[in-house]
Amino acid sequence: MDKRISFSSDYTKGAHPRILERMTETNFEQIDGYGTDEYCKSAADKIKKACGTPDADVFFLVGGTQTNQTIIDMLIQPYEGIVAASTGHIAAHEAGAIEHAGHKVITLPCHGEEKDTEKYGSDIGKIAAADLKKLLEDFYGDANHEHMVFPGAVYISHPTEYGTLYTKKELENISQICKEYKIPLFLDGARLGYGLMSKRTDVSLKDIASLADVFYIGGTKVGALFGEAVVFTKGVTTKHPIPVIKQHGALLAKGWLLGLQFDTLFTDDLYFELGRNAIETAELLKDGLKKKGYEIFLDSPTNQQFVIVSNEKLKELDKNVRYGFWEKYDDNHTVIRFATDWATQKADVERLLELL
């Protein structure tokens, strides 16, 4: 067993004890499958209440990649593509899953990635409303657009791949453009709990529910064993959603295991409590890194912290710490990522700082 302290990602632990307790308590119940059970219904009701969307449709899927692929297939036609940031998860980190399903990922420049300063700004990873509008104007202004891949929907994630966050105004601007062009806005919330609990956000769960046509609440990375809760805020438009979910391998026969987890996460604000823990420990880590003289690569207000480390230091660090490789900074330095999570303890952060 690898005994190194791990800050490599936010899905390296199991599940919150309350979830495991409820799984044990219900283990011998005989429950209807495929999400038709009372636990899924209860979880969906709690999520709709938290979102302020009584008319929403909620589905529980098994994992992030299947969820992204399934939602996009539901939203757009075979001749349409999905617009995303060049650094967006579906564009960079899902092994071409969206293209494999038959939809082109149409990339926009990653807002804030211009290297005109020593490190990236806090806007990296986001798309700009102005860039989205220009893309759509240019597409429909092209006399040959009927022979091209149509931009059928817009994908954003909150937080982004770089742990950065959209402001409420930015989301409003993007949402308005989507409405103007009658294309849906899809928000990937794999780490949504950490974005909502950031000390530097003005975006609430209800804000997201009012501005996005569909989004999902990530459980895999925020306290659940596995699973994502998909919220079609105005109701799902696909005539038969369950077959589509099943075609993408995202429908769990023992669906109550998903419902039970989200029912627990949305009882007594547990989901938000877990998000808050990751933010508090990430802030502790960031402060400690600065005090030790490390250069922070970018200003992330969430649980992912990016730091520039010498390659020589990494050889030493590898013996005791698991971290995420991000990118080469120069010939002698590497950008690595430390991710806190719902269960990270203050003592874990202190030990990491000692090793650094």
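Biologist: Let's start inside: how much space lies in the largest cavity?

Modeller: About 50 Å³ of space lies in the largest cavity. This is a predicted model, so local features need pLDDT of at least 70 and side-chain atom pairs count only at pLDDT 80 or more, while totals for chains, interfaces and linings use all residues. Residues are numbered from 1 along each chain as its sequence is written, and side-chain values use heavy atoms, with hydrogens and water left out.

Biologist: What counts as a cavity or a pocket here?

Modeller: On a 1 Å grid over the protein atoms alone, a cavity is a set of points where a 1.4 Å probe fits but cannot get out, and a pocket is an open set with protein on both sides within 12 Å along at least five of seven lines; lining residues have an atom within 4 Å of a point. Grid points are joined across faces, edges and corners, and a volume is the space filled by probe spheres set on the points.

Biologist: How many cavities of 30 Å³ or more does a search of the whole structure find?

Modeller: One.

Biologist: And which residues line the largest cavity?

Modeller: Among them are Ala-85, Thr-87, Gly-125, Ile-127, Glu-161 and Tyr-166. Strand β5 gives the most to this lining, with three residues. Helices (H or I, at least four residues) and strands (E, at least two) are DSSP runs, numbered from the N terminus.

Biologist: What classes of residue are in that lining?

Modeller: Five nonpolar, five polar and one charged. Ala, Val, Leu, Ile, Met, Phe, Trp, Tyr, Cys and Pro count as nonpolar, Asp, Glu, Lys and Arg as charged, and the others, Gly among them, as polar.

Biologist: OK, pockets now. What volume does the largest pocket have?

Modeller: About 490 Å³. Its lining has 26 residues, and Ser-9, Tyr-11, His-89, Arg-191 and Lys-221 lie nearest the centre. The elements giving two or more residues to that lining are α3 (64-75), β5 (150-157) and β12 (324-330). By class, the lining of the largest pocket has seven nonpolar, 12 polar and seven charged residues.

Biologist: And the second largest pocket, which residues lie nearest its centre?

Modeller: Gly-35, Cys-40, Val-58, Phe-59 and Phe-60, out of 20 lining residues. About 270 Å³ of space lies in the second largest pocket. The largest share of its lining, five residues, comes from α2. This lining divides into 12 nonpolar, three polar and five charged residues.

Biologist: Switching to helices: at what angle do α12 and α14 cross?

Modeller: Roughly 20°, and the axes of α12 (residues 270-291) and α14 (residues 346-355) come within 10 Å. Axes are lines fitted to C-alpha atoms, for helices over the stretch in contact, and angles run from 0 to 180 degrees between N-to-C directions. That makes α12 roughly parallel to α14. Angles under 35 degrees count as roughly parallel, over 145 as roughly antiparallel, 65 to 115 as roughly perpendicular and the rest as oblique.

Biologist: Which residues make the contact?

Modeller: Including Leu-284 and Leu-285 of α12, and Val-349 and Leu-352 of α14. Contact means heavy atoms within 4.5 Å.

Biologist: How far apart are the axes of α1 and α11?

Modeller: They are 9 Å apart, with α1 (residues 17-25) and α11 (residues 256-265) packed at an angle of about 135°. The two helices are therefore oblique to each other.
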